[in-house]
Amino acid sequence: MSKAQAGREPGGSWPLEKHLRRNFLLAIMCGAFISLGMTLTNDNMVLALFVKRLGASNAVVGILPALRFGCWFLPQLFVAGRIQYVARKMPFYTWAQALRAFACLLLAVVVVAARNSLGLLLSMFFLIYVINRLGAGAASVPRADIIAKAI
């Protein structure tokens, strides 16, 4: 058996080839859902209108972009140093994405539960929005590392 064939499975294919198509499709779906989510939560159009309809002032509406990017960059300061020497970064990415998913689910529950109290809904929205953006920032470091290693 030659060196080139030593890593192959009995059928002649490489072990990773069987997962390549699935992983590629999952990566495409992930990117599509991220793009859809970012479009549906655009702070300049969608969320600004949502917050304004809840009765927020123009100054509060203007805070949205600052929160979007400020809460995205802040956790990167702490996460990057912590996971720099960790061999497996996927658990950190999964944890941060789970936090974001929980925040989105919580927001849906709050919107239904507090639909008659606009002040409470506005306050809860901002709290949950900050949690979501902190999770996005925490997830961005391991995600970038995983993508860089894959490329």
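Predicted model: local features only at pLDDT ≥ 70, side-chain atom pairs only at ≥ 80, totals over all residues.
The protein contains six helices and zero strands, and its elements follow the order α-α-α-α-α-α from the N terminus. Of its 151 residues, 25% count as buried. The accessible surface amounts to about 10,500 Å², and carbon and sulfur atoms account for 71% of this area. Among contacts between residues at least 6 apart in sequence, 69% connect residues that are at least 24 apart.

Helix α4 spans residues 58–83 and helix α6 spans residues 118–150. Their axes come within 7 Å and cross at roughly 40 degrees, and the crossing is right-handed. On the α4 side, the contact is made by Val60, Leu64, Leu67, Arg68, Cys71, Trp72, Leu74, Pro75, Gln76, Val79, Ala80 and Ile83. On the α6 side, these residues meet Phe125, Phe126, Tyr129, Val130, Arg133, Leu134, Ala136, Gly137, Ala138, Ser140, Val141 and Pro142. By class, the contact of α4 with α6 comprises 19 nonpolar, three polar and two charged residues.

Four aromatic pairs are present in the structure. A pair of aromatic rings is described by the distance of the centres and the angle of the planes. One of the pairs joins Phe50 and Phe125, with 5.4 Å between the centres and 70 degrees between the planes. This geometry is edge-to-face, because the angle is over 60 degrees. Phe50 belongs to helix α3 (residues 46–53) and Phe125 to helix α6, so the pair links parts of the protein that are 75 residues apart in sequence. Phe50 is partly exposed at 29% relative accessibility, whereas Phe125 is buried, with a relative accessible area of 2%.

Trp72 is partly exposed, with a relative accessible area of 26%, and Phe73 is partly exposed at 47%.

Phe50, Phe125, Phe126 and Tyr129 together form one aromatic cluster.

Methods:
Residues numbered from 1 in each chain as written. Heavy atoms only, no water. Axes fitted to C-alpha atoms, helices over the stretch in contact; angles between N-to-C directions. Helix = DSSP H or I, 4+ residues; strand = E, 2+ residues; numbered from the N terminus. Left-handed = near helix turned anticlockwise from the far one by under 90°. Contact = heavy atoms within 4.5 Å. Nonpolar A, V, L, I, M, F, W, Y, C, P; charged D, E, K, R; others polar. Phe/Tyr/Trp six-rings, centres within 6.5 Å; stacked < 30°, edge-to-face > 60°. Buried < 20%, exposed > 50% of the residue type's maximum accessible area, 1.4 Å probe, protein only. Areas by Shrake-Rupley, 256 points an atom, 1.4 Å probe, with all protein chains shown as cover.
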